[in-house]
Amino acid sequence: TKRVAILISGGGSNMVSLVEDMTGDHPARPVLVLSNKPDAGGLAKAQARGIPTAVVDHRPFGSDRAAFEVALNRVLDQVRPDIICLAGFMRVLTEGFVQRWDGKMLNIHPSLLPKYKGLHTHARAIEAGDAEAGCSVHEVTAELDGGKVLGQARVPVLPDDTPETLAARVLVQEHDLYPKILRRVAEGDRSRLDLT
Ligand code: GAR
């Protein structure tokens, strides 16, 4: 059974979708939900589901990303994850941290990569007049949102969409896509999955 740590910064709805899939004959189990924000709503959702939680607040470290990551690694090394899922984790990770967990870290990003790496993906898709938007699950490499894409799901962009309405439509697909990819990765299958 693969041991999965999930890193969050916010509401944790993707974390919940992953945790709720990891039951029964699933090849993985959640061993930790870790937040860099002490007030992340996802922490209570994890606790309610019996998942151990931890907080490593990034703020005391200021701009010292390496020191923040040493603290992250201290917590992660205690639970020895086989897979780390970033799920709305909003801190950029250094090359050193990414290499420490090389091949073990996944992320979900709310765009059809390689389009719209970084922030404000939905506003940028609307601004560009795109007919479609979506989400991607990818392997984490040192290049921000640049690792191998393992799967995508697409939604239409509607004429009256705001970034908020589009985000909500994409989020529904995130909750479908990410558990499917995690299950496949835990089984050793990293072939690409495209949902329509
Ligand atoms: C999700 O839409 C996720 O794709 C996005 O943040 C949201 C987190 O929601 N992630 C990023 O923008 C990563 N740069 P959640 O906390 O409810 O899962």
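Okay, quick definition to start: helices here are DSSP runs of H or I with at least four residues, strands are runs of E with at least two, and both are numbered from the N terminus. With that, the protein chain reads β-α-β-α-β-α-β-α-β-α-β-β-α-β along the sequence. That gives six helices and eight strands.

A word on what we're looking at. It's a predicted model, where local features need pLDDT of at least 70, side-chain atom pairs count only at pLDDT 80 or more, and totals for chains, interfaces and linings use all residues. Residues are numbered from 1 along each chain as its sequence is written, and side-chain values use heavy atoms, leaving out hydrogens and water.

Now, overall shape. The C-alpha atoms fill a box of roughly 50 × 40 × 30 Å along the principal axes. The radius of gyration, taken over C-alpha atoms, is 16 Å, which agrees with the value near 16 Å for a compact globule of 196 residues. That globule rule is 2.2 Å times the number of residues to the power 0.38.

What about the inside? Of the 196 residues, 49% count as buried, meaning under 20% relative accessible area with a 1.4 Å probe, protein chains only. And if we take contacts (heavy atoms within 4.5 Å) between residues at least 6 apart in sequence, 61% join residues at least 24 apart.

Last bit, the record. UniProt, in an unreviewed entry, lists residues 2–181 as "domain: Formyl transferase N-terminal"; such annotations may be inferred rather than shown by experiment. In the model, that span is 36% helix and 24% strand, and its end C-alpha atoms lie 14 Å apart.

How values were computed:
Buried < 20%, exposed > 50% of the residue type's maximum accessible area, 1.4 Å probe, protein only.
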